[in-house]
Amino acid sequence: MAHILPPAMLGILGGGQLGRMFAMAARSMGYRVTVLDPDVQSPAGSVADRHIRAAYDDEGALEDLASGCAAVTTEFENVPADSLRFLESRTRVSPSSACVAIAQDRILEKRYIAGAGLAVAPFLAVDAPQDLAGDLAPLLPGILKTARFGYDGKGQVRVATPEDVHGAFEALGCRPCVLEKRLDLETEISVIVARTSAELVRTFPVAENRHEAGILDVSIVPARVTPDIAARACEMACALAEAMDYIGVLAVEFFVLEEGGLVINEIAPRPHNSGHHTLDACAVSQFGQQVRTLCGLPPADTRLLSPVVMVNLLGDIWRDDEPAWDLVLSEPAAVLHLYGKASARAGRKMGHFNVLAETVDAALEKAEALKRALR
Ligand code: ADP
Ligand code: MG
């Protein structure tokens with residue numbers, strides 16, 4: 001595959017924080033960037049060379065994007081697969097529409113992962129009420145999740161009894177769902193794979209993820225799991241990328257079970273919140289890898305240069321005013337990243353900071369202290 005080199009124009013669907021960090025990585029390498037996003041004020045649009053303000057299925061806008069860009073990627077999985085197919089007929093696109101289609105639907109995703117011989121939580125695909133007619137007991141207590149458009153714990157209901165499941169299915173609008181058994185988790189980890197071809201694949205060191213109210217709160221890297229679990233997670237993530245013939249950056253979330261097992265929770269066909277530490281703790285970030293894989297270049301070295309803890313900054317800490325950024329900016333070990341979003345809402349991802357230290361424990365201690373101070 002021919003390399004796409006600076007100052008080529010690269011395109012991205014989606015103008016959120018992931019698109020913004022992609023654009024910043026690309027521009028720092030000398031590429032130019034066009035963002036397609038319907039919002040007038042978007043985090044990525046404000047740092048891109050060009051912002052096409054149009055819907056993701058606007059054919060004229062897609063035509064414009066394709067004709068102006070040497071390659072196009074996406075920052076989120078909910079772009080219409082048809083839009084990606086349209087772009088694919090006109091320019092280089094990664095990840096492929098086929099890979100995005102799998103990742104945007106929990107039913108396809110789980111079937112695909114299980115079909116590749118990799119472990120997932122026991123589940124039942126629920127398209128209609130009659131799919132709930134059988135014995136649900138083996139999947140209870142469980143979680144009913146909408147097959148599409150769920151994120152940050154949205155579109156999920158915890159269920160304990162078959163009656164709960166029926167009620168939850170209705171409450172979720174009788175949309176296609178998966179009923180998943182609730183597992184006893186020791187911890188959660190993730191692996192970010194950068195894959196340009198079968199020969200050119202690298203994984204970043206495993207991140208350990210803590211969630212609060214269904215939203216990622218803190219990522220700790222390297223994860224405090226056994227070397228065996230870390231190695232198996234990387235192997236499983238690579239095996240999945242291989243099975244999908246995935247080109248680009250793929251994030252794979254895992255559950256580490258109390259009894260020691262490892263199952264894949266879900267995947268994201270893009271950089272992931274649990275990879276934001278790579279901005280400061282690796283030579284090339286996950287966004288730099290997104291640029292490189294999109295351009296047919298080999299993924300760069302993924303070594304962790306320092307233990308690091310990433311803390312998400314949600315809109316909740318914006319009260320009447322901006323949070324006291326002085327606290328973070330006065331800490332030499334911390335690096336602040338804000339996404340330039342116009343308004344803060346509870347649960348909205350507004351930024352993050354990374355704390356680097358000699359040890360994970362020291363980084364975690366400093367990170368927790370800053371987190372408390374910002375509340
Ligand atoms: P989202 O797309 O919102 O990230 P996830 O499926 O990753 O959805 O679920 C969000 C979080 O809910 C997970 O990170 C985990 O903490 C918890 N969770 C989800 N499914 C299960 C499960 N089957 N067993 C235990 N905890 C779960
Ligand atoms: Mg998740």
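This report walks through the fold of one predicted model, from the whole chain down to a sheet, a helix pair and a hairpin.

**The whole chain**

Let's start with the big picture. The chain holds 11 helices and 18 strands. Its radius of gyration is 20 Å, close to the 21 Å that the globule rule gives for 375 residues, so the chain is as compact as a globular protein of that length. Along the principal axes, the C-alpha atoms fill a box of roughly 60 × 50 × 45 Å. Some 45% of the 375 residues count as buried. As for contacts with a separation of 6 or more, 63% of them link residues 24 or more positions apart.

Next up is an open sheet made of 5 strands, paired in parallel and ordered 3-2-1-4-5. Strand 3 (50-52) and strand 5 (92-93) sit at the edges with a single partner strand each, so one side of each has no neighbour in the sheet. Helix 1 (residues 17-28) packs on this sheet, where it touches strand 1 and strand 2 (32-36). The direction of helix 1 makes about 165° with that of strand 2.

| Strand pair | Sense | Bridges | A bridge partner pair |
|---|---|---|---|
| Strand 1 (residues 9-13) and strand 4 (residues 71-74) | parallel | 4 bridges | Ile12 and Thr73 |

In general, strands of a sheet pair through backbone hydrogen bonds, in either a parallel or an antiparallel way.

**The hairpin**

Strand 14 and strand 15 form a hairpin with 4 residues between the strands. Gly260 in this hairpin takes a positive phi near 100°.

**Two crossing helices**

Now for helix 2 (residues 59-68) and helix 3 (residues 81-88), whose axes come within 9 Å of each other and cross at roughly 40°. Which residues meet here? On the helix 2 side they are Glu59, Leu62, Leu65 and Ala66, and on the helix 3 side Ser83, Phe86 and Leu87.

Terms used: Residues are numbered from 1 along each chain as its sequence is written. Chains are lettered from A and ligands numbered from 1 in the order in which they are written. This is a predicted model: local features need pLDDT of at least 70, side-chain atom pairs count only at pLDDT 80 or more; totals for chains, interfaces and linings use all residues. Two strands pair if DSSP finds at least two bridges between them. The radius of gyration is taken over C-alpha atoms; the globule rule is 2.2 Å times the number of residues to the power 0.38. A residue is buried if 20 or more other C-beta atoms lie within 10 Å of its own, exposed if 12 or fewer, and partly exposed in between; C-beta atoms are placed from the backbone. Two residues are in contact if their C-beta atoms, placed from the backbone, lie within 7 Å. Axes are lines fitted to C-alpha atoms, for helices over the stretch in contact, and angles run from 0 to 180 degrees between N-to-C directions.
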